[in-house]
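Subject: Structure for you to look at

Hello,

Here is the structure that I am handing over to you. My notes on it follow below.

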Amino acid sequence: MPLNRRTFLGSSAAAGAGAALAGAVTPAEATGRGQGQGPVHGRPRKRYSFTVMGTTDLHGNVFNWDYFTDKEFDDAAHNDVGLAKISTLVDKIRKEKGRHNTLLIDAGDTIQGTQLSYYYAKIDPITAKRGPVHPMAQAMNAIGYDAAALGNHEFNYGIPVLRKFEEQCRFPLLGANVLDAKTLKPAFAPYVIKKVRTPFGRDVKVAILGLTNPGIAIWDKANVQGKMTFPGLEEQAAKWVPKLRSMGADVVIVSAHSGSDGSSSYGDQLPYVENAASLVAEQVPGIDAILVGHAHVEIPERRVVNKKTGKDVVLSEPLKWGQRLTLFDFDLVWERGGWTVEKVASKVLNSNTVAEDKKITGLLSDEHRKVVAYVNQVIGTSTVAMSTVDAPWKDEPIIDLINHVQTETVKAALAGGEWAALPVLSQASCFSRTAAIPAGNVTIKDAAGLYPFENTLEARLVTGAQLKAYLEYSAKYYVRTASGAPVDTAKLTNADGTPDYNYDVVSGLTYEIDIAKAAGSRIVNLEFEGKALDPAAKFVLAVNNYRASGGGNFPGIAAAQQLWANSDEIRNTIIGWVQAAGTVDPSVFASVDWKLTRDGTPVF
């Protein structure tokens with residue numbers, strides 16, 4: 001039976017103490033993982049080892065398949081994706097170590113990211129009466145997960161979808177820092193305790209504490225405001241870890257949907273750190289290991305010294321999408337009447353080394369076929385082929401298409417109102433360097449591929465001065481390159497780790513970005529309708545909800561007045577526009593409004 005909010009809050013542990021789930025492990029099954037080594041008062045010491053496996057940021061990936069290209073997934077590093085691959089790795093480890101000497105956990109961002117997950121949230125929703133079981137729930141149940149932390153993207157489709165997913169999972173969704181906004185009590189189970197039986201008749205009590213990202217309050221404000229609050233990870237870990245130890249936990253593992261570098265994309269808009277896993281390890285004593293998520297990076301093993309105890313806390317992050325599986329190996333020794341962690345080590349396994357588990361692909365073959373058919377529906381035609389290959393450094397028609405759709409949508413929404421006379425500008429990013437619109441038939445997957453994120457559209461009131469600051473901030477994306485120096489596009493972008501989705505272009509203006517200048521003073525010849533941009537002039541900016549809510553920490557936007565917003569994903573708006581237009585013709589919407597220069601000379 002899944003440990004959902006109702007069973008958790010209604011349990012006898014109502015003081016907020018989570019629940020203990022016992023794994024039925026027999027001494028015979030544990031043989032080989034327990035041993036006696038070293039005399040203690042003439043008797044051998046009792047030792048036991050077990051392994052905790054971890055995934056994170058699965059983002060709706062079951063199959064090794066890219067629904068945006070409708071073919072097997074591949075990237076430059078030849079990574080594979082999906083729970084079907086993870087299942088094969090998990091089975092391998094369970095056979096090596098003994099099924100009941102292992103646990104399997106996840107660090108969040110499960111039900112958003114692919115057309116598979118979108119389909120079962122929006123097209124054939126799991127919330128419908130007698131609706132389907134979410135493919136991610138089916139796969140994770142079949143693989144046998146023990147717990148999963150909540151990720152920020154769990155909230156993208158609204159709380160009803162999340163609650164239904166929670167109900168369908170046969171494992172708890174954990175979120176110690178997800179509180180009911182009215183009662184400030186846990187809205188989800190904060191933790192779970194698993195009992196692992198050793199050959200010595202002395203169970204190991206393994207506590208798994210779930211923590212998620214405070215940024216949910218910003219990024220999914222429309223879905224959670226007034227319903228849930230999200231305090232900081234360090235604060236809640238400091239509250240719960242001592243409780244878990246007092247309840248007899250021998251091992252404490254944190255599953256944290258929070259990166260490890262201490263940064264925050266939303267600046268000082270929240271008093272809580274976005275990527276706080278290392279801070280939790282440093283500040284909160286009593287934690288043995290942290291499964292890290294959210295940042296989409298690979299960390300086989302990182303050791304962080306706790307400032308109070310001086311002990312190492314082992315962190316590991318298994319990249320994303322089921323590309324890696326983390327293994328935490330724990331060695332325990334029995335002393336002073338209890339189990340003590342003697343050693344922890346971690347590593348990651350690559351899912352491209354194994355085949356997909358046919359048990360998982362077979363289980364969800366019908367769902368997969370339905371989604372493939374859905375994304376291949378033809379919705380219009382295009383007069384030419386367009387792609388994002390050069391979009392990170394050139395003004396390309398395919399990005400103009402996004403901005404054109406957004407501009408038209410906002411203009412129509414504001415028509416006849418008090419803001420209708422203001423000019424509408426639009427922001428967009430190169431969200432995928434492999435997105436393309438072919439010449440000829442355009443399908444749902446082609447249109448959706450322009451916008452792989454579940455962002456919705458807003459309209460914000462901005463000034464010319466704010467737009468200048470916005471563009472200057474965006475332009476830090478480029479590596480400073482002196483005039484006359486060679487330009488290598490492979491090294492030109494993503495300065496200081498800025499991702500492609502945090503580089504915005506703004507349509508409706510013309511401007512140059514002088515990459516020979518220092519960041520903060522690169523925007524030159526900024527004009528509106530052929531004249532220098534008036535700092536006091538007012539404009540409407542069509543902007544995605546991530547940016548409007550502070551994502552990327554762009555200046556001026558989060559505090560700007562909201563004039564309009566809707567709840568439909570931008571990619572659906574693009575799909576609807578193509579269907580309504582019938583023909584995608586760049587001559588209608590494309591123009592070169594920005595370019596990279598050095599001392600006035602175009603780079604390209």
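Phe 50 is buried, with a relative accessible area of 1%; buried stands for under 20%, exposed for over 50% and partly exposed for what lies in between, using a 1.4 Å probe on protein chains only. Phe 330 is buried too, at 0%.

Before going further: this is a predicted model, in which local features need pLDDT of at least 70 and side-chain atom pairs count only at pLDDT 80 or more, while totals for chains, interfaces and linings use all residues. Residues are numbered from 1 along each chain as its sequence is written, and side-chain values use heavy atoms, with hydrogens and water left out.

The structure holds 26 aromatic pairs. A pair means rings of Phe, Tyr or Trp (its six-membered ring) with centres within 6.5 Å; it is stacked if the planes are under 30 degrees apart, edge-to-face if over 60, and tilted otherwise. Phe 50 and Phe 330 are stacked, because their ring centres are 5.0 Å apart and their planes at 10°. Phe 50 lies in strand S3 (residues 43-55) and Phe 330 in strand S17, so this pair ties together parts that are 280 residues apart in sequence. Strands here are DSSP runs of E with at least two residues, and helices are runs of H or I with at least four, both numbered from the N terminus.

Tyr 477 and Tyr 503 are also stacked, since their ring centres are 4.5 Å apart and their planes at 5°. Tyr 477 is in the loop between helix H14 (464-474) and H15, and Tyr 503 in the loop between H15 and S25, 26 residues apart. Tyr 477 is buried at 1% and Tyr 503 at 4%.

One aromatic cluster is formed by Tyr 48, Phe 50, Phe 200, Phe 328, Phe 330, Trp 334 and Trp 339.

Most residues other than glycine have a negative phi. Trp 321, however, has a positive phi of about 60°; it is found in the loop between strand S16 (312-318) and strand S17 (324-335) and is partly exposed at 25%. Asn 494 has a positive phi near 65°, sits in the loop between helix H15 (489-492) and strand S25 (505-507), and is partly exposed at 29%.

Lastly, Thr 443 lies in strand S23 (residues 440-443) and is buried, at 8%.

Regards
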